[in-house]
Amino acid sequence: MKIALVGQPNCGKSTIFNSVAGYRAATGNFPGTTVRLAWSRVRLNGMLADLVDLPGIYSLTPTNPAETAGRKFLLHEDVSLIINVVDASLLSRSLELTLDLRELGIPMVVCLNMMDEAERRGIKISSQKLSEFLALPVVETIGSRGVGVKQLFREAQRQVHQPPRPASLVAWNHDIERSIRRMQDFLDADSSAQRLPSRFLAIKLLENDEEITREAGIAARNEASRLREQIEQTHGRPAESVIMSERHDCAMRLFNNSATLTRPRPDPRAALDNLLTHRKWGYIFLAAILVGFFWAVFGIGSLIERAIAGKLGLLTALLLFHIPKGSLEYSVVASLMDGVRGGAGIILPYLVPFLFGLAFLEDVGYLPRVAYLLDGLLHRIGLHGTSMLPIILGYGCSVPACLATRILPSRRDRFLASVLATLVPCSARSTVIFALVAYYLGPMWALGIFCFNALVVILSGLLLARIWPEISAGMILEVPRYQWPALRVLAGKVWLRLREFVVLSWPLLIAGSLALGLGARWNFDHYANAALRPLTLVLGLPSSLGTTLVFGVLRKELALVMLALALGTTSVANVLSATQIVVFTVFITFYIPCVATLVALVREIGRKMTALAAAYTFVLATLMGVAARLILPIFLGS
Amino acid sequence: MLWTTLLSGKRSAQKEIENPAEPSFSTLDQIRPGREVIVMRIIAGQSATRQLAQLGIRPGVTLTVQRTAPLGGPVLVDCAGIMVAIGRGMARRVGVQIIE
């Protein structure tokens, strides 16, 4: 049994999801959809159900691939129940989606979320009246505090087998209703069996929905366009605009009949926005927030690293105490422990605060403000503000960043944004920058690398935009109000990403460490390094680092641990010069994205474009590495 | 205030049909922050028109221009309590009339 959480963006859907799913949440691909959805198995009064958190959609007429994926899931995945999460403070707009969802004929519960926010804005809603008018159960919740969530799922349990009943207040204008009926009759008369309710199909056909029109038969298509013309003649504007206004009026009627308005309380967050989106101060705060974020992650990370490293070293020494040096067991245990230490001692200390900080910025609602501030600038490199969202997410992990490009309607914008998002250092690469450059050369150097990267990303954007010129349609982006994210939700989000590291990369790291240890024992690494000598020679790195660069393709953070292993020491500064450390980091940061990202890229922009992007990043990384090698000694004087 | 904003949707939409040749349209990108406007006409592609409509921006509704970003950046409008950032190029396609 599948239960879908559906709602408009920023309605607090994920908060509801997290308060039920907790740490059992996972992301996974569902057949038929290519998008990764967060889901969790939940128990409803003894019944097992898969609760799926769909991406936010404004309506069932998609305007970008992310919405298309969400709708596809609803239409084709055999959903037993829809929980429609509604932001009560934006009730009238949100009801438009609710009305659209009703037409699917799937059992449904309306979750009136953020009741506290609605109250603050002076909107008093009678959920009982709303429930009567919609002929659907309505449950009030405050997701951020967990209020009402239990009742919501109790109601969900009760509704599973109850498809929506017809409701009186949601009838449309007579002539529109007549057109819908006619279209519906036409579809019903068609012999081929349909799985979807004919009324839903009829409305979408009249709305000129691309996908549904494409899938309809020729006769139905002709009938639809005839009816559309009719509507256009009587109303003087396109049929889809008429239907949209109808739905809007309907939602407004529901709103007026079930809510009363009083004076809103003053909102201190408006003052915050005056500052954070200010023409001048907005940028100063943006820079301050980014630098502060950077310092905090590095500060906390190095603190944890110092605390953990010693203890792990002691543990390793204890384990190796009784094993004779030079024996096979010694090599095996030592390299296994190196892998464990690399994960716990070097990567996790930076990864956890980084993911936490990013999740916080994301959930507090700051990213759309960044998009707003940078839109003008991005236009100069052929992008627009919305493209900034996937690129910022790229600082966390390139894979979700590639998926996030689906919020962009244009194919070309998606291509540009996904290539640029993979160039941005992900948390794994940032770990390399923190643990290597910041730790050994000082945080200013690391900051320099981040700035240098940003510059290269901008230049790459300029270059790519020139190769594929297109006038961007421009940004249309909702800027949600600030929300203080619940710790539980943040933790859930961090854990979802962290788990990927713990179950996927860490074992790989340990296995890689073992392979390298045994390879060194039997001199296998010698051949690999010899094969890669041209590259290490060009970059001016010791040839023993050849294999570590290869490991970076698997997972970027592997390169870091492998570096320590290959050099046979954890105090890298004794073996590598400052220039070499920077060259290594720059190369790792820019060159071919890791395997997981490549797979995601293939899915988003196709095999050919991915190969092109990989080749581009490799050339770029080599050029940047060589440039760093030649330029840095001038400043360092060595 | 909120009442009029919420309710004005339908009333002004009718007004537009009655009198489609409104004399003095400006476009949204020309409006100074703090001004209130009625959306008269949106001349954009199907997808963009839909996107705007989903956020409540359609002919007949009242918007308040909150602020604009420098460097030809977007216009931030308040539409019945929803903040929407509209790129300058897109704002040029939204015909509005200033409410005095």
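Author: One definition is needed at the outset: pLDDT is the predictor's confidence in each residue, from 0 to 100. The model discussed here is a predicted one.

Reader: With that scale in mind, what share of the residues of chain B score at least 70?
Author: Chain B has an average pLDDT of 76. Over residues 1–21 of chain B, however, the pLDDT is below 50, although this stretch has 22 contacts in the model beyond near neighbours in sequence. Where pLDDT is low, the predicted coordinates should not be read in detail. The share of chain B residues that score at least 70 is 76%.

Reader: Which element of chain B has the highest confidence, and which the lowest?
Author: The lowest confidence in chain B belongs to helix H1 (residues 2–18), with a mean of 38. At the other end of the range, with a mean of 92, is strand S4 (residues 75–79) of chain B.

Reader: Turning to chain A, how does its radius of gyration stand against the globule rule?
Author: Chain A contains 28 helices and 10 strands. For its 638 residues the globule rule gives 26 Å, and the radius of gyration is close to that value, so chain A is as compact as a globular protein of that length. Along the principal axes, its C-alpha atoms fill a box of roughly 85 × 55 × 55 Å. The radius of gyration itself is 28 Å.

Reader: What percentage of the residues of chain A count as buried?
Author: A residue counts as buried when 20 or more other C-beta atoms lie within 10 Å of its own. Among the contacts of chain A between residues at least 6 apart in sequence, 73% join residues at least 24 apart. Of the 638 residues of chain A, the buried share is 48%.

Reader: Which element gives the largest share of the side of chain A that touches chain B?
Author: The contact takes 34 residues from chain A and 35 residues from chain B. On the chain A side, at least two residues each come from helix H3 (91–102), helix H11 (239–258), helix H15 (367–379) and strand S10 (476–478). By class, that side has 15 nonpolar, 13 polar and 6 charged residues. The largest share, 7 residues, is supplied by H15(A).

Reader: Which residue of S5(B) is the bridge partner of A:Ile476?
Author: Strand S10 of chain A and strand S5 (residues 82–86) of chain B pair in the antiparallel sense, over 3 bridges. In S5(B), A:Ile476 has as its bridge partner B:Ile86.

Reader: Which are the edge strands of the open sheet of 7 strands?
Author: The sheet has antiparallel pairing and runs in the order S10(A)-S5(B)-S4(B)-S3(B)-S2(B)-S6(B)-S1(B). An edge strand here pairs on one side only, and this applies to S10 of chain A together with strand S1 (26–27) of chain B.

Reader: Is S3(B) largely enclosed or open, and how many of its residues are buried?
Author: Strand S3 (residues 62–68) of chain B is joined to S4(B) by 4 bridges in an antiparallel arrangement, and B:Thr68 has B:Val75 as its bridge partner in S4(B). Strand S2 (residues 36–42) of chain B is likewise antiparallel to S3(B), through 3 bridges, and the partner of B:Ile38 in S3(B) is B:Thr62. S3(B) is largely enclosed by the rest of the structure, because the number of its 7 residues that are buried is 5.

Reader: Which residue takes a positive phi in the hairpin of S3(B) and S4(B)?
Author: This hairpin has 6 residues between the strands. The residue with a positive phi, near 60°, is B:Leu71.

Reader: Is A:Asp78 buried or exposed?
Author: A:Asp78 lies in the loop between helix H2 (65–76) and strand S5 (79–87) of chain A, and has a positive phi of about 60° although it is not a glycine. Within 10 Å it has 9 other C-beta atoms, and 12 or fewer is the cut-off for the exposed class. A:Asp78 is therefore exposed.

Note on methods: Residues numbered from 1 in each chain as written. Chains lettered and ligands numbered in written order. Predicted model: local features only at pLDDT ≥ 70, side-chain atom pairs only at ≥ 80, totals over all residues. Contact = placed C-beta atoms within 7 Å. Rg over C-alpha atoms; globule rule 2.2 N^0.38 Å. Nonpolar A, V, L, I, M, F, W, Y, C, P; charged D, E, K, R; others polar. Pairing = 2+ DSSP bridges.
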